[in-house]
Amino acid sequence: MITATPPVETKKSYLNQTEGLKSWLLTHDHKRICILYLLGVTFFFALGGIFAVLIRLELATPVGDLVESNTYNKFFTMHGIIMVFLFLIPSIPAVLGNFLIPLMIGAKDVAFPRVNLLSWYIYMIGGLFVLTALFMGGVDTGWTFYTPFSTSYSNGYVIATGLGIFIAGFSSILTGLNFIVTIHRMRAPGLTWFRLPLFVWAHYATSMIQVLGTPVVAVTLFLLVLERGLHIGFFDPAYGGDPVLFQHMFWFYSHPAVYIMILPSMGVVTEIITTFSSKKPFGYTFIAFSSVAIAVFGFIVWGHHLFVSGQSAYAGMVFSILSYVVSIPSAIKVFNWTATMYKGSVRLTTPMLYALGFIGLFTIGGLTGLFLASLGMNVHLTDTYFVIAHFHYVMVGGAIMGFLGGIHYWWPKIFGRMYHEGWSKVSAIIIFIGFNLTFFPQFILGYMGMPRRYHVYPPEFQVLNVLSSAGASILGLGYLIPFCYLLWSLKYGPIAPPNPWGATTLEWQTASPPPTENFEVTPVVTQEAYTYTSEEVVHVG
Amino acid sequence: MASHTAEPGVTSHGAPHATSTIQHHFESADQQKDASTIGMWVFLVTEVMFFGGLFLAYFVYRQAYPAAFASASNKTNLLIGAVNTTVLICSSLTMALAVRSAAIGKKNLIVLFLILTLLLGGTFLGVKAYEYNDKWVHHEVPGHNFDCEGCTDAGHTPLFFALYFGMTGLHATHMIVGVGIILFLIAQARKGAYGPAWHTPVELFGLYWHFVDIVWIFLFPLLYLIDRSAVPK
């Protein structure tokens, strides 16, 4: 379909073009930087996961028998900070986006390869700050750093952690900036905006949020550090300040940040569903613009985090209505994915299982978001496990399912090896079951009134908490299995062909793994991204 | 570095040495320059959002505590602020002239105007340091024996000074970074690195420098001028 060089049998790929540690640590190749990021985010995912295990262990019994409350506060804070800022936000954009965007648009690299490498170092330095804070004794503020507790009362290492997130934020900004310029200026001849794969559209929307939102949280953390470190106050009433302003500024970024996590995942799911239905995505332009719409609406709903924080009732109403509006582009995506599968020749491969899991879990996560967006319900549910369950359905059930789906989908392209299909399917199903068992009981707990961030709870909540902790063990196992068979596949997996799934986008038109320059000759694009030659296939099923 | 031959139809840039400055992943010098320019503008957008948080805090608190802000703003030194504003605007002029000199290929003029920009920027920072010291001496640094003598609504005046130091401090940090970059540009310009065919770094740094100046153009009236005369006696 696309005039590109047929993949020639090249011995040299980006993986073995040059050798030695130095060639990796000083690389400008977006594909190698993807691997560097993959190592980084996997490490932080594991670390954040350990804290999740500790939290669920403590909550297996109603009394505080494992740790005392102060330690528990540090556990959930470190879990949140590591997972949000050091895993979820960089996960898909910096790993898969980095690898795929230049390949999907027929470019040799991102627009600024050195900036790309710099962003990885900035990310690691930010991570080191957080690790330092962790080893010195951790932080107990919750990942939201609400003032004045964080600035005047907390016993934790708020400054080191705040600086870590401040620094890591710049890595996110640079990645977003790089992608915006890359998508604008590096597209191959003939690759118009509406021929772009939808993964690229999703990342374009994500980059907009990264570029517009992250500086605001950066300056907010800067003020937080000034207030805590130098007593130059902005938020603590003792200095004349207003803590609600902190919440506004924090959520102005941190709500859109949720879309930094979910939008790339939606891009991944669109690619997977299209490929494994062997059918054009239903409503290409709707999917493309719904990504942009989510990014835009995402910036005007932050006030729904402040319904009980002394925000005016009228502001609350406006934010409530606007929050409902976000559900429209999100629903468009779910409907379009479903319609894409309809009468498609669906293949239930591992990536497809993750994508289907994503649709189900994201739908639950999204719909419970509507409960929370309604003012009256929100007052009852604020700071309960209902909120915890809701955002884990979106972040874990959504973003991580998408991340794992994408890793499985593009693994043959990235490493040139196939993984074990049986194990990977089993683990996808284990993750789905474990996830639901972990978090569905939390909806009920929250509705019954169990508040978040406590290490003790009334005994009548124990059954549901034990179910949740049991689910967490299954979920943890589900995450360990891919770690093993994916590593195994690097050495023992069958060699992957250039296009194992019969996909149509450009990244599959080059070798697996691709050569350093991506394409032997810059491809010239003459058609849309998803043109299946045998359209009759569509009607067989 | 991957060897790459330009596509047929994509002609290399006119200047003989221009092709050597194209990085391997670009097809042409124009594409490379376009990418850099868009990148700089997007970066400036992030800077607007970065300062935006502080401006928001300023507007919220000024709206909430107008009397405290009006009386506290009288503690700023109007004359010094005005002189410094002039110095900074002049540095924008010399920066623009440096870009122009690069575009027409006057190597010595690039260096001269960059040095002038550096001196004016340095003057601004020096004056700022003097002002900070003055504030310290007069106990006008919040959280450190703060005392706003004769101020109305004294409980909220620390906010004004917190914003004063936060905003001007962040601005000065950007100036310091800028001074570092100018030093680099001067060294490169002396080697004759910039000419009509390629002077993207000078041009893009010009954008940055003007942006930092514009931030000050907003800070000066907000911190020094507005409501200065509206103090209840």
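**A chat about chains A and B**

Analyst: Start with helix H2 of chain B. Its buried residues are B:Ala68, B:Phe69, B:Ala70, B:Ser71, B:Ala72 and B:Ser73. Bear in mind that this is a predicted model.

User: How many residues of H2 in chain B are buried, out of what total?

Analyst: Six of the eight, counting residues 66–73. So H2 of chain B is largely enclosed by the rest of the structure.

User: What covers those buried residues of H2(B)?

Analyst: The cover includes H1, H5 and helix H6 (200–225) of chain B.

User: Let me step back. How many helices and strands are there in chain B?

Analyst: Six helices and zero strands. Along the sequence the pattern reads α-α-α-α-α-α.

User: And what share of chain B is buried?

Analyst: Buried residues are 35% of the 233 in chain B.

User: What about contacts within chain B, how far apart in sequence are they?

Analyst: Take the contacts between residues at least 6 apart in sequence. Of these, 74% join residues at least 24 apart.

User: New topic. How many residues does each chain bring to the contact between A and B?

Analyst: Chain B brings 31 residues and chain A brings 34.

User: Which helices of chain B supply at least two residues of that side?

Analyst: Helix H1 (29–64) and helix H5 (157–190) each do. H1(B) gives the most, with 17 residues.

User: What classes of residue are on the side of chain B that touches chain A?

Analyst: That side has 17 nonpolar, 12 polar and two charged residues.

User: Now the largest nonpolar core. Which residues touch the most other members?

Analyst: A:Ile105, A:Val200, A:Met261, A:Leu263, B:Ile110 and B:Leu163. The core has 221 residues. Helix H3 of chain A, residues 69–104, gives the most to this core, with 22 residues.

User: Pick B:Ile110. What does it touch?

Analyst: Leaving out residues up to four places away in sequence, B:Ile110 touches B:Ala98, B:Ser101, B:Ala102, B:Ala189, B:Tyr194 and B:Val202.

User: Last one, over in chain A. Where do the axes of H6 and H7 run relative to each other?

Analyst: H6 spans residues 158–185 and H7 spans residues 198–230. Their axes come within 8 Å and cross at roughly 155 degrees. Angles over 145 count as roughly antiparallel, and H6(A) and H7(A) are therefore roughly antiparallel to each other.

User: Is that crossing left-handed or right-handed?

Analyst: H6(A) passes H7(A) in a left-handed crossing. The contact of H6(A) with H7(A) has 20 nonpolar, 10 polar and one charged residues.

Key:
Residues numbered from 1 in each chain as written. Chains lettered and ligands numbered in written order. Predicted model: local features only at pLDDT ≥ 70, side-chain atom pairs only at ≥ 80, totals over all residues. Helix = DSSP H or I, 4+ residues; strand = E, 2+ residues; numbered from the N terminus. Buried ≥ 20, exposed ≤ 12 C-beta atoms within 10 Å, placed from the backbone. Contact = placed C-beta atoms within 7 Å. Nonpolar A, V, L, I, M, F, W, Y, C, P; charged D, E, K, R; others polar. Core = buried A, V, L, I, M, F, W, Y, C linked by C-beta atoms within 7 Å. Axes fitted to C-alpha atoms, helices over the stretch in contact; angles between N-to-C directions. Parallel < 35°, antiparallel > 145°, perpendicular 65-115°, else oblique. Left-handed = near helix turned anticlockwise from the far one by under 90°.
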